[in-house]
Amino acid sequence: MSDMVKVALDAMGGDNAPKEIVKGAVEAIQTEKKIKVYLVGKEDAIRRELSAYQYPEDQVEIVHASEVIETAEPPVNAIRNKKDSSIVKGLNLVKAGECDAFVSAGSSGAVLVGGQVIVGRSKGVERPPLAPLIPTEKGASLLIDCGANVDARPSHLLQFAKMGSIYMENIMGVKNPRVAIVNIGAEEEKGNALVKETFPLLKECKDINFIGSIEARDIPAGQADVIVCEAFVGNVILKLYEGVGATLIKKVKAGMMTSLRSKIGALLVKPALKQTLKAFDLEEYGGAPLLGLRGLVVKTHGSSKAVEVKNTILQCMTFKEQDIIGKIRTSMAAAKDGE
């Protein structure tokens, strides 16, 4: 079992826990024999959900945790006081080297705080960013940061760009990924103080392929592979993406049901349309890794269903195989030593 990728999964986190979380874990191990999932949470509830499935039992282990960190709890206090929570116990499995990754759909704040306090930052990393993949016309782009650092400095955004480039090249296979900073115009002199101070740092950095500014309207067209911003802007972009996508799908479906002719047309285009819409479904891309830590921590949506949980677990396997933790650690430490 030494070549297995071991993933600690917060079975109690998210709106649909533990049902969809456990289902996603089962689907992941049914898909990939090299993964072992450690389901962390209330043992009775986990066993109840597992009883509905046939699965390779040697690929699942239950780690009992008696406490659950709720979304509304202050993250720092929750991490400090709830030592037997599924989030704290899962993160400690990564810290101890017993698991390669921790995945949770639970409290974002607790995962972010716990990731830094328990797992810890790699040498040279100033701030770990959350980095989800988002669908575009040309494939997937990495949005970095989307929620971890709302008061970022220019040096933080420079590191985000470097870490994002390493991710896209090794995980997504994008050679020399195009890096852009989110701005209100294409001109170099535009933007707020943070963007204006960060732009020349990105422009001078030889470790990345910086192409300049990107406006929000150009993100869905896939004009950049790594989209750099501080967390407030990134979170707004991500949430707007989700909302517009869901609304468009709803409107398209409603429009197809307005008449007999449209219903017949819907039947004809359904296979092609389903495939197209699938490419723009955020669940297909898995969770958002918290980059720059000494171990892999991945946050999925609070509303995650089984498909997103499954894809996130599979994503962890690629992450380990490509040694993203090691590559980011080497890059950030070298930059720190060179200062």
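These legends describe close-up views of a predicted model.

**View 1. The largest nonpolar core.** This core has 62 residues. Leu-9, Leu-39 and Ile-313 have the most contacts inside it. Helix H6, spanning residues 154-170, gives the most to this core: 8 residues.

**View 2. The surroundings of Ile-313.** Ile-313 is among the residues with the most contacts inside the largest nonpolar core. Neighbours within four places in sequence are left aside here. Ile-313 then touches Val-7 and Leu-9, along with Gly-24, Ala-25 and Ala-28. Ile-35 and Val-37 are also in contact with Ile-313.

**View 3. The open sheet.** The sheet is built from 6 strands, in the order E3-E2-E1-E4-E11-E10. Their pairing is mixed. Strand E3 (60-64) and strand E10 (288-289) stand at the edges. Each has a single partner strand, so one side of each lacks a neighbour in the sheet.

**View 4. Strands E4 and E11 side by side.** Strand E4 covers residues 101-104, and strand E11 covers residues 296-299. The two pair in the parallel sense, over 4 bridges. Phe-102 stands opposite Val-297 in E11.

**View 5. A nonpolar patch on the surface.** Four residues form this patch: Val-150, Phe-232, Val-233 and Val-236. Together they have about 350 Å² of accessible area. Val-233 lies in helix H8, which runs through residues 231-255. Val-233 counts as partly exposed because its relative accessibility is 30%, between the cut-offs of 20% for buried and 50% for exposed.

Definitions and conventions. Residues numbered from 1 in each chain as written. Predicted model: local features only at pLDDT ≥ 70, side-chain atom pairs only at ≥ 80, totals over all residues. Heavy atoms only, no water. Core = buried A, V, L, I, M, F, W, Y, C linked by side-chain atoms within 4.5 Å. Buried < 20%, exposed > 50% of the residue type's maximum accessible area, 1.4 Å probe, protein only. Contact = heavy atoms within 4.5 Å. Patch = residues over 30% accessible without salt bridge, like charges linked within 9 Å, V, L, I, M, F, W, Y side chains within 5 Å. Areas by Shrake-Rupley, 256 points an atom, 1.4 Å probe, with all protein chains shown as cover. Salt bridge = Lys/Arg side-chain N within 4 Å of Asp/Glu carboxyl O. Pairing = 2+ DSSP bridges.
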